[in-house]
Every structure is written in structure tokens, then in C-alpha cells.
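Biologist: I would like to go through this structure and ask what stands behind each label. Please set each value against its cut-off.

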Amino acid sequence: QVQLVESGGGLVQPGGSLRLSCVASGMILNRYTMGWYSQAPGKQRELVGFIRSGGTTNYADRVKGRFTISRDNAKNTVYLQMSSLKPEDTAVYHCNANPGGYWGQGTQVTVFS
């Protein structure tokens with residue numbers, strides 16, 4: 001049974017940084033494309049970026065240069081390093097695994113002035 005558990009969210013001021021983690025169980029991480037998505041209140045879930053099984057990454061334009069996705073296969077964990085955070089980054093962040101369309105429960109990130 002595949003499970004994804006995110007952590008690392010919290011409150012941060014604009015310009016600050018956070019690192020989110022997504023621990024996977026019941027699967028071998030490096031066989032999946034792992035994505036991060038954000039969902040702000042009242043809005044649809046949006047892609048932040050993803051890392052392919054081969055290690056290459058892609059990012060949404062709004063986070064390019066600020067966010068970095070990495071993976072530690074030994075720990076079966078994917079990370080989202082978030083820097084230069086803006087109030088508009090406030091959202092629940094979810095990780096996703098494909099194939100299979102698995103989702104974690106999400107972790108809240110709030111960027112406040």
C-alpha cells in the first residue's frame with residue numbers, strides 16, 4: 001500500500017525559506033515521477049514542479065529560480081526547498097507519485113507580512 005506523508009510546512013515571513021519533505025512508503029521512489037502541487041484557499045490545485053525517475057526536474061514559471069525539488073532514494077524521500085517566499089505562495093502543498101496517481105495529505109505553508 002503506497003503512502004505519501006508530507007511535513008515541514010509552517011509560518012514564514014516574505015523572503016524566508018522552508019524545506020518540505022514527502023516520505024514515501026510501499027513503493028520504490030526512484031521508479032516514480034514525484035510532483036509537488038500547491039492549493040491555495042478557494043483555488044484549484046496547481047503544479048509546482050516534478051522530478052522524474054531519472055532525476056531531471058521541471059518547474060512552474062512562478063517558482064523557477066526560487067524552489068528546488070530533490071530526492072533521496074535511500075530515504076525514500078522527496079524534498080521541496082522553497083526560498084524567497086512570497087505571500088502568494090501561501091497554500092497547502094501536496095506531493096504526488098506517478099504512475100498510480102498517489103497523493104499525500106498535504107502540509108500548510110503560510111507566508112505572512
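Biologist: Why does Thr107 count as buried?

Modeller: The model is predicted, so the value is computed from predicted coordinates. Thr107 has 10% relative accessibility, and buried means under 20%, so the label applies to Thr107.

Biologist: Where is Thr107 found, and which residues does Thr107 touch?

Modeller: Thr107 is found in strand E11. Not counting residues up to four places away in sequence, Thr107 touches Glu6, Ser7, Gly8, Gly9, Leu20, Ala91, Val92 and Tyr93. With Gly9 there is also a polar contact: a polar atom of the Thr107 side chain lies 3.1 Å from the backbone nitrogen of Gly9, and the cut-off for such a pair is within 3.5 Å.

Biologist: What makes Asn76 buried?

Modeller: The relative accessible area of Asn76 is 18%. The limit is under 20%, so Asn76 is called buried.

Biologist: Why is Ser83 called partly exposed?

Modeller: Ser83 has a relative accessible area of 23%. Buried requires under 20% and exposed requires over 50%, so Ser83 falls in between. Ser83 lies in the loop between E8 and E9, and touches Gly16, Ser17, Arg66 and Phe67 when residues up to four places away in sequence are not counted.

Biologist: How do you know that Glu46 forms a salt bridge with Arg62?

Modeller: Their closest N and O atoms are 3.9 Å apart. The rule asks for a side-chain nitrogen of Lys or Arg within 4 Å of a carboxyl oxygen of Asp or Glu, so the pair qualifies. The pair links distant parts of the chain, with Glu46 in strand E5 (residues 46-51) and Arg62 in the loop between strand E6 (57-59) and strand E7 (67-72), 16 residues apart. Glu46 is partly exposed at 41%, and Arg62 is partly exposed at 35%.

Biologist: How many salt bridges does this rule give?

Modeller: The count comes to three. Asp61 forms one with Lys64, with closest N and O atoms 3.1 Å apart. Asp61 is exposed: its relative accessible area is 65%, and the label requires over 50%. Arg66 and Asp89 form another, at 2.8 Å from N to O. That pair also links distant parts of the chain: Arg66 is in the loop between E6 and E7, and Asp89 in the loop between strand E8 (77-82) and strand E9 (91-98), 23 residues apart.

Biologist: Are Arg66 and Asp89 buried or exposed?

Modeller: Both are buried.

Biologist: What makes E1 and E7 edge strands?

Modeller: The open sheet has four strands in the order E1-E3-E8-E7, with antiparallel pairing. E1 and E7 each have a single partner strand, so one side of each is left without a neighbour in the sheet. On average, neighbouring strands of this sheet are turned by 15 degrees against each other, direction ignored.

Biologist: How do you know that E1 and E3 pair?

Modeller: Pairing needs at least two bridges, and strand E1 (residues 3-7) and E3 have five, in the antiparallel sense. Val5, for instance, has Val23 in E3 as its bridge partner. E3 and E8 run antiparallel and are joined by six bridges, with Cys22 opposite Val78 in E8. Six bridges also join E7 to E8, again antiparallel, and there Ser70 stands opposite Tyr79 in E8.

Biologist: Which residues touch the most other members of the largest nonpolar core?

Modeller: Met27, Met34, Trp36, Leu80 and Tyr93 do, in a core of 28 residues. Among the strands that each supply at least two residues of this core are E3 (18-25), E4 (33-39) and E11 (107-111). Leaving aside neighbours within four places in sequence, Met34 is in contact with residues including Leu4, Cys22, Met27, Phe50 and Val78.

Conventions
Residues are numbered from 1 along each chain as its sequence is written. This is a predicted model: local features need pLDDT of at least 70, side-chain atom pairs count only at pLDDT 80 or more; totals for chains, interfaces and linings use all residues. Side-chain values use heavy atoms; hydrogens and water are left out. Buried means under 20% relative accessible area, exposed over 50%, partly exposed in between (1.4 Å probe, protein chains only). A nonpolar core is a set of buried Ala, Val, Leu, Ile, Met, Phe, Trp, Tyr and Cys residues joined through side-chain atoms within 4.5 Å. Contact means heavy atoms within 4.5 Å. Axes are lines fitted to C-alpha atoms, for helices over the stretch in contact, and angles run from 0 to 180 degrees between N-to-C directions. A polar contact is a pair of N or O atoms within 3.5 Å; within protein, one must be able to donate a hydrogen and the other to accept it, and residues adjacent in sequence count only if both atoms are side-chain atoms.
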